Each structure stands twice: as C-alpha cells, then as structure tokens.
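Welcome! Keep the structure open beside you as you go.

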Amino acid sequence: MIIHTKSYPRAALIGNPSDGYFGKTIAFVFSNYTTDVQLYETPELNLLPSLRDTSTFDSIEHLVDDVKTYGYYGGIRLLKASIKKFYEYCHNNQLDLNHTNFTLRYQTTIPNRLGLAGSSAIITACMKALMRFYNVTIPKHSLANLILSVEKEELGIPAGLQDRVAQAFEIPVHMDFEKEYMKEYGYGCYKEIDLSPIPNLYVAFRTDLAEGSEILHSNLRDDYDNGKQEVVNAIQEWRELTDKAVECISNGNSAQLSQLLDRNFDLRCEVSKAVSANNKRMVELARSTGASAKFTGSGGAVIGIYKDEQMFNNLKEVLAKHDIQTIKPEVVDHNSCT
C-alpha cells in the first residue's frame, strides 16, 4: 500500500510576525499549491531526492540559478530531521513503532523561500505520512509543536508556531500565544475562524526575492530579547490588530479589515530594518491599485483584499509587469482537507 499525504502553503492574514513573541495571529492554508508525500514499505529505509535536492547541473549558470531559487539546502534534510523528531516523540510518549522500513518521496509546487511556509509544508506532509504508516495519533496542537521542533531544534531555523498550527489544523485559525497560557499548556489557544465573509483575498509573489525567514527574525529576536520598547509595543499592537480583525471578519467589514492589514505591514517597517526595498516595493505596487497589502510571512509574498473584479484584474496586470504572480487563494477548511 502506498500512503499519499498533502500539505499546503500558509498565508498569515494578520498579526505576524508576533507569533514568535507571545502575540496573536490569524492564518490559513490554501490549496493552489501543494506538497505531496508518498510513503510505502520497503526492505530498507530510503529517502528519494526531489528537484530541489539535485547535485548535478548542466552548467555553472544552472547551479547559480538553482541556489537562487532553492538556497543551499534541499528537502532531504527536512525529511531526515522530521523522521528523527517523530521517532523521539513516539519513544518519549511510549508509542510502540514496529521495525518496518519504508521509502519516502516528496514533490512540492509551493514557491520556495517566499514566506509561504514551504519548508514546514514538507515537514507536515512527512509527519502525516509517518503517522499513517505507523498508526500513530498525535493531537494537532502537539503536531504543530513537533513540526516546529524539527526546524528550531534540529535545524536551527528561527521560526514561530503560526505556520505549523495552520498546516497541522488545515483550517483558518485564530491563534493566541499569550505568555502565561503558553507556559501552562505548552501551546497557544487555537480557535477556528470562518473567513467566508471576506471573499476578496489575493496572494501575490515573485521568485527573485527568495530569502529565509531567519533574516528578519534574527533582527527582531535580538531587539525583543533586549527589551527594546519599540518592539515590545509593536507586539502588543499586532495583538490588538488581530482582535479588531476578528470583529471585522465576523461582520464582513472588508474595508476596515483592509486598513488593519495595511497597518500590520507599516508597523513592521517601523520596527524592523530587515524589510528589503524590493519586498517593500511589492506592497507599494499592490496598494497603488487600491488594494491592501502586507507580507504573508517574512517577505517575498504579500496578501491583501481587493474591492471587486475590476480592481483584481488591474492588480494582476500591474504586478505582472514586475514579474509578480497574483492568485485568489483557495482556502482549505474541513470540507476540503485531504
């Protein structure tokens, strides 16, 4: 039997990047792109490379283009770290694993290193496949923590829980990472949120701005850990913006929600010097059409709200001139999960 699992890119609607700093966020996954994992029993444990794991190139230019697109690390390290953390979780929780081996392969269409949580999507799909193969159940809040531990503890990648929560739950989620709650339970307070009253969402991205989230988070982490008041105040404002967004979504108030999204990004620029000029230009171009715009993650992709089809078509045309792709995200919920 071949086990098939999927995971999806994440879009942070509001509140980011406060998720790593006891903030509040709203995020969802969308099915326009996917990471697919296949796992099946074999005599030996084998991890098969994907496109981003290649080490054979047609030319030196091909190698350079590959590094620009995928970075220096492929997906195999993510799979190895995922399997290790899965084994340790099962061992620590007295979950018996048989000694059956497997072959695992993955494919992903998620644009790489653009703030869409493509790496954690690979980890999530891998974890889901391992759970099915070994008949192990992991609560979704624990699964999100486990996925995060792969990146932070095993691979040293600065990250927050938001992406992993959205990908583990596969529904739009309102997340409160309040410090005392996190200390007591080890995870945040997660609640499903219905995004259907806000139908006119868009996501736009380009492939030549790829950079890891560690670039932004290392800067913000240092300021936060040093108690820089400007950053502490920003975390609190992001929490407040998220609270206001919940009300706007419930009331279907797209106009006010658009203003909140814009403020989310503007505040980010106020407290972080790591927002590149090219990434900021994406937001400015989108806003020039009348749409709202903010990062979906740490840069390279933006999310916002458009008023009508005329504005969306104009948005798509304006951004396309700068090699920026624009889509309407197909939000994943209970009825569309696989």
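## Exercise 1: Aromatic pairs

Across the whole structure, a search turns up 14 aromatic pairs. Rings of Phe, Tyr and Trp (its six-membered ring) pair if their centres lie within 6.5 Å; planes under 30 degrees apart count as stacked, over 60 as edge-to-face and the rest as tilted.

Before you start, note that this is a predicted model, where local features need pLDDT of at least 70 and side-chain atom pairs count only at pLDDT 80 or more, while totals for chains, interfaces and linings use all residues. Residues are numbered from 1 along each chain as its sequence is written, and side-chain values use heavy atoms, leaving out hydrogens and water.

**Task.** Find Phe 102 and Tyr 134 and classify their pair.

**Solution.** 
- Step 1: the centres are 6.3 Å apart with 80 degrees between the planes, and the pair is edge-to-face.
- Step 2: Phe 102 lies in strand β6 (residues 102–108) and Tyr 134 in the loop between α3 (118–133) and α4 (140–154), so the pair ties together parts 32 residues apart in sequence. Helices (H or I, at least four residues) and strands (E, at least two) are DSSP runs, numbered from the N terminus.
- Step 3: Phe 102 is buried at 1% relative accessibility, and Tyr 134 is buried at 14%. Buried means under 20% relative accessible area, exposed over 50%, partly exposed in between (1.4 Å probe, protein chains only).

## Exercise 2: The nonpolar core

**Task.** Which residues have the most contacts inside the largest nonpolar core?

**Solution.** 
- Step 1: a nonpolar core is a set of buried Ala, Val, Leu, Ile, Met, Phe, Trp, Tyr and Cys residues joined through side-chain atoms within 4.5 Å.
- Step 2: the largest such core has 50 residues, and Phe 86 and Phe 102 have the most contacts inside it.
- Step 3: helix α3 gives the most to this core, with nine residues.
- Step 4: a second, separate core has 37 residues, including Trp 238 and Ala 245.

## Exercise 3: Leu 257

**Task.** Is Leu 257 buried or exposed, and which residues does Leu 257 touch?

**Solution.** 
- Step 1: look in helix α9 (residues 254–271), where Leu 257 is found.
- Step 2: with a relative accessible area of 0%, Leu 257 is buried.
- Step 3: leaving out residues up to four places away in sequence, Leu 257 touches Ile 198, Ala 245, Cys 248, Ile 249 and Ile 305. Contact means heavy atoms within 4.5 Å.
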